[in-house]
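Me: I would like to go through this structure with you before I set anything up. Could you take my questions one at a time?

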Amino acid sequence: MSSFGISPEEFVYAARDFVDLSDKYRDSWTLHQNDNEILQTYIRKEEFISHRDENDKVFLYRAEYVIFFNLSYGVPSFSFNVWDCSGKLLTLEEVRQISLIKTTKENFYSVVSQQEHPVLYKPYFIVHPCRTAVILQEFKSKSRNIILTFLGLIIPLVQLNLPLEFGL
């Protein structure tokens, strides 16, 4: 485990607080809490995102974002899926191409991979939790909400839209 870490209870508290803010700002995050198994608690959001390619053609996608607790690293973990307008799940390379951060395959793949989701048991793209621990180490003592802080750092990677009011 890294030197950064929060408990599952701290994650649930941060998740509740984040969803309360989401409700206040009319964003669409929802809390899915399993009272019998705290590690099955997660927050989720669905939205449509668009991407303009190099030929100025615009594509519309449906995205689902899920944040859950990673016990091994003691951090919130970010997972997502993106589908095209026909309902086909995008590949990892297609996700890299629509990312707002332009980077090499190697750099992108060192941060994001596809695997079975540890809570939902379906394939999801997951931001590697070891990177999350490194990033959040710098902000733990300064953060009002560790989930909001983390999302603020990674939203360009996955085209996540958050209301500006979250930054107030």
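Me: To begin with, what share of the residues counts as buried?
Reply: Of the 168 residues of the chain, 45% are buried, where buried means under 20% relative accessible area, exposed over 50% and partly exposed in between, with a 1.4 Å probe and protein chains only. Please note that this is a predicted model, in which local features need pLDDT of at least 70, side-chain atom pairs count only at pLDDT 80 or more, and totals for chains, interfaces and linings use all residues. Residues are numbered from 1 along each chain as its sequence is written, and side-chain values use heavy atoms, with hydrogens and water left out.

Me: What is the mean pLDDT of the chain?
Reply: The mean is 86, and 96% of the residues reach 70 or more; pLDDT is the predictor's confidence in each residue, from 0 to 100.

Me: Where is confidence lowest, and where highest?
Reply: Helix 4 (residues 129–137) has the lowest confidence, with a mean of 75, while strand 1 (residues 30–32) has the highest, at 96.

Me: How many helices and strands are there?
Reply: There are five helices and six strands, taken as DSSP runs numbered from the N terminus: H or I of at least four residues for helices, E of at least two for strands. Their order from the N terminus is α-β-β-β-β-α-α-β-β-α-α.
Reply: The radius of gyration is 16 Å, close to the 15 Å that the globule rule gives for 168 residues, so the chain is as compact as a globular protein of that length. That radius is taken over C-alpha atoms, and the rule is 2.2 Å times the number of residues to the power 0.38.

Me: What does the C-alpha trace span along its principal axes?
Reply: The spans are about 45 × 35 × 30 Å.

Me: Changing topic, which residues other than glycine have a positive phi?
Reply: Among them are D56, with phi near 70 degrees, and Y121, with phi near 60 degrees.

Me: Where is D56 found, and is it buried or exposed?
Reply: D56 is in the loop between strand 2 (42–52) and strand 3 (58–70). D56 counts as exposed because its relative accessibility is 53%.

Me: And where does Y121 lie?
Reply: Y121 belongs to the loop between strand 5 (112–116) and strand 6 (123–127). With a relative accessible area of 51%, Y121 is exposed.
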